[in-house]
Structures are given as C-alpha cells and as structure tokens.
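Reader: I'm new to this one and would like a close look at a single part of it. Could you show me the structure, and then I'll pick a spot?

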Amino acid sequence: MLSGSMLSAVLLRVSGSRSLLRRPLPLPQRAAMAVSVQLKPSPDSLFDEPLRVRVSGLAPLQQVTMKAWLRDEKEQLFRSSALYQADAHGHLDLAHSPALGGHYTGTQPMGLLWSLSPHTPFTRLVKKDVASAPLPLHIEVFDGHWSLEQLPQQPLATSTNQRWFMKKGVSRIPVRDGRVRGTLFIPPGDGPFPGIIDLYGSVGGLVEHRASLLANHGFLVLALGYFGFDDLPKDFINLDLEYFEEAVNFLRQQPKVIGPGVGAIGISKGGDLVLSMATFVPHVTAVVSIGGCNANTLGNLHYKDITLPGLGISIEKIKFLESKLIDISEVTNNPVDETNKDCIIPIEKAKGHFLIVVGEDDKNWRTPFYAQQAIERLEENGKENYEFITYPEAGHLLEPSYFPFCSASFHRLVGQPVAWGGKMKPHALAQIDLWPKIQTFLRKHLENHSKL
C-alpha cells in the first residue's frame with residue numbers, strides 16, 4: 001500500500017497545458033457513500049450566472065478529473081477538463097479547490113465553462129435560438145487524473161446544468177418597422193427600462209445572445225441587423241447612418257423605455273458604428289465600444305450630406321501563421337495618416353458618454369492604438385465624457401461572462417479562419433470583470449439622464 005506522500009509524488013509529465021497528470025492509484029479507503037455532483041443554486045441557470053459545482057462521496061484526498069461538455073445548435077462539440085483533489089472529508093468544491101492542471105489551473109469556480117474548447121478547430125460558440133431551448137452543460141467526475149483523450153468510459157458521477165439565455169417573463173419580439181430589422185427584448189414588469197441598441201460586427205446577420213442576456217438584467221434591448229439579414233443589404237460597402245437613426249427613434253417610442261436618450265453597444269465593426277451613432281445621431285446618450293476603431297472602417301458611412309470614407313487595408317501586411325491561421329492585426333491602415341483623416345469619427349462632437357474597451361492582445365486590428373487616438377482627440381478638445389477599460393492578454397472577442405474563449409474562427413470577410421488573439425484565462429477573467437461594468441455604465445448614464 002502506497003503512503004499519502006508516496007502517492008502525491010507519483011506523476012506523469014506531459015507537454016502542453018495538461019501537465020502533471022496522475023494515474024489513479026490505490027487509496028487507503030474508498031468512500032462508502034455514492035459519489036454525486038451538486039449544482040447550486042439550481043440545475044437551471046442563465047448563461048451569464050455563476051454556478052457552484054460541488055462533489056461529495058469521494059474518498060479522502062481522492063484525485064479526480066472534472067470534465068464539462070456541450071453541443072451547440074449545429075451539434076459542434078465543446079469540451080474542457082481539469083484535475084482536482086478532494087479534501088480530507090472526500091468533498092470537492094470548485095469555488096474553493098484549486099485545479100492542479102488541465103485546461104486551467106488555480107481556483108476558478110467557472111473554469112469548466114469558460115475553458116470549453118471546440119473539438120473541431122476554429123469553431124466559435126454562438127447561440128442563435130435564445131428563446132426556446134437552453135444549452136445543456138454536462139459535468140462529469142472521473143477517478144484519477146487524466147487528459148481528455150484518455151478518460152475512462154465510465155464516470156463516477158454526472159450532472160447537467162441547463163443554461164438559458166432568457167429568463168421567464170422576458171419577451172422576444174421580431175421587428176420589421178419601416179426599414180428597421182431586428183429583435184426586441186423586453187424585460188418583465190412595468191418598467192421603464194434603459195433602452196439599448198446592440199450591434200455585432202462583420203459576422204453579419206442578427207446576433208441575439210448578448211441582447212437577451214442584457215434584457216435579463218433589466219434593459220430593453222433592440223438586437224439590430226444592418227447587413228446580411230432579411231431584406232437588408234448583403235454587405236456594408238455603403239451604410240446609411242440614418243437607418244441606425246430610424247432604429248434609435250423606434251426604440252425611443254417604446255412605451256417602457258426610460259428616455260429621452262438611449263444607449264448602444266457594439267463590438268468590432270459595431271464598435272465604430274456606435275461611436276458614429278453617438279457623434280451624429282440625436283438622443284444617443286451612452287455607447288460601449290468593444291474592440292472598435294476610432295475611424296469608420298471597411299465601407300463608406302453616409303449621414304445626410306456627410307460621408308465618412310471607409311478606412312482602407314493593406315493586404316500585403318497579412319501574416320500567415322504556422323497553425324494555418326492568418327494574423328490580420330496590421331492590415332487596417334492608420335487613421336491619423338494624412339490620406340486617412342477623413343475616415344476619423346469626430347467623436348469630440350458627441351454630447352453623450354463613451355465606454356471604450358480594449359483587449360491588448362487583439363489580433364483583429366490595433367485596438368489599443370485606436371483607443372489611444374480616440375482618447376487623445378477627446379482630451380485635445382477638452383472632453384472628459386469617456387471611460388476606458390483595457391485588459392492585458394485579452395483578445396478581440398470580449399463576450400458576456402463565461403462565454404468560452406475563442407482564439408480563432410472563420411472570418412466572413414477574409415474567407416478563412418483568423419486569429420482573434422488573447423490567452424484563455426486572462427481573456428475569460430476579463431469578460432467576467434467587464435460584463436457588470438458595462439451594465440453599470442449604461443445604467444449610470446441612461447437612468448440618471450432621465451432625471452435631468
């Protein structure tokens with residue numbers, strides 16, 4: 001029989017992130033009670049809500065591998081695993097017990113969720129049907145320390161967490177009003193609620209998951225399509241900002257919106273669009289630009305008698321990586337070059353407030369550089385109407401809390417997978433930190449503005 005000290009000394013070194021894998025070894029005593037996984041506060045939760053995972057019925061100091069997996073709406077498999085050791089009473093609590101290896105290390109209560117990795121490379125988790133079905137997250141516990149590829153067939157215990165995107169009482173209403181195309185999410189209750197327009201980037205179509213999650217937190221949100229959806233243009237070579245003004249007016253007319261102003265949140269191309277909305281469109285009081293540019297990008301943007309040309313690109317600056325990915329971070333041109341200055345959004349004219357969010361390892365374009373230019377422009381004009389949040393080692397796709405880290409996926413414009421940047425753990429922790437800060441910013445400027 002091996003002693004406890006001998007047991008802890010037996011380990012197997014492997015390359016990569018899954019280091020220090022230990023094979024299951026005889027333990028002094030096996031627990032008599034059945035092993036079980038408990039999920040708190042409930043087996044059902046919203047996607048951006050924390051989940052407490054506990055395991056009971058283990059032997060004292062038993063080594064186990066925790067595994068999580070789910071399949072998205074296209075049946076794509078996402079998996080994660082981490083190595084743990086039970087306490088002296090045979091209990092394991094992911095809120096207090098550190099992971100010893102696997103997809104992450106340290107005490108990370110939600111690590112099994114945010115470290116979910118696609119079985120098929122370059123796949124991004126996106127929830128399109130936010131209303132009718134949750135994403136079932138399966139959690140399993142195995143005896144011993146193993147890599148994902150070597151796990152035994154039979155787990156000691158399993159449990160399933162149903163992760164929803166809409167809580168009970170939230171209304172989802174498709175919108176076809178004038179030219180406006182999108183989906184309206186209305187929280188339960190009489191309101192009034194802060195009104196938000198939600199924009200994504202070059203993925204096109206209509207993306208609803210962030211809008212639905214914001215509605216759960218008491219925001220009345222219009223997920224707005226602007227190309228590649230319904231009868232909207234198929235691309236954004238020429239965008240009409242008056243379309244977005246129409247959407248603002250539609251949202252302001254909703255009886256449960258606080259008013260008089262509304263907010264907007266955008267990521268990537270959506271990030272520069274919300275800057276333009278705050279600059280030119282009346283009643284846009286607060287905007288959140290995540291991984292955006294300080295210039296109008298890619299296609300022309302028209303508003304009445306004004307046209308902002310699209311900031312150009314230099315194809316020769318594409319970098320081809322060994323992983324069959326491409327790095328486009330240097331491709332977009334510098335806005336402050338003399339030939340590009342007409343593309344810069346004159347945000348100093350905006351009466352509203354900005355929250356500018358940067359992932360310092362963004363590989364889509366030079367977001368830290370653009371943010372610096374935007375802030376300098378505001379300050380040179382005596383403006384202090386901005387907040388700035390920057391995250392070291394975070395990439396381009398900063399999503400709501402607990403979304404799995406996506407390091408690379410297919411880029412619609414490029415036509416092949418690109419690197420988005422970031423490192424898994426710091427990027428995931430950035431998302432957890434950012435999500436409530438976005439809500440606080442929007443509430444501060446929309447709810448307080450209504451009282452002025």
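Which residue in S6 is the bridge partner of arginine 54?

Author: Your arginine 54 pairs with aspartate 93 in S6. Keep in mind that this is a predicted model. The two strands involved are S3, covering residues 52–56, and S6; they run antiparallel and are joined by 2 bridges.

Now step back to the sheet. It's an open one of 3 strands, in the order S1-S3-S6, with antiparallel pairing. S1 (36–40) and S6 (92–93) stand at the edges with a single partner strand each, so one side of each has no neighbour in the sheet.

Proline 41 sits in the loop between S1 and strand S2 (44–46). There's another cis bond between glycine 191 and proline 192, where omega is about 0 degrees. That proline 192 belongs to the loop between strand S12 (180–186) and strand S13 (195–199).

Phenylalanine 122 isn't a glycine, yet has a positive phi, near 65 degrees. Look for phenylalanine 122 in the loop between strand S8 (117–118) and strand S9 (135–143); the residue is partly exposed, at 31% relative accessible area. Histidine 283 also has a positive phi, near 75 degrees, without being a glycine. You'll find histidine 283 between helix H5 (269–280) and strand S17 (284–290), partly exposed with a relative accessible area of 40%.

Just after H3, glycine 218 takes a positive phi of about 95 degrees.

And the whole picture? The protein comes to 7 helices and 25 strands, and 55% of its 452 residues count as buried. Of the contacts with a separation of 6 or more, 69% link residues 24 or more positions apart. Along the principal axes, the C-alpha atoms fill a box of roughly 85 × 55 × 40 Å.

Terms used: Residues numbered from 1 in each chain as written. Predicted model: local features only at pLDDT ≥ 70, side-chain atom pairs only at ≥ 80, totals over all residues. Heavy atoms only, no water. Helix = DSSP H or I, 4+ residues; strand = E, 2+ residues; numbered from the N terminus. Buried < 20%, exposed > 50% of the residue type's maximum accessible area, 1.4 Å probe, protein only. Contact = heavy atoms within 4.5 Å. Pairing = 2+ DSSP bridges.
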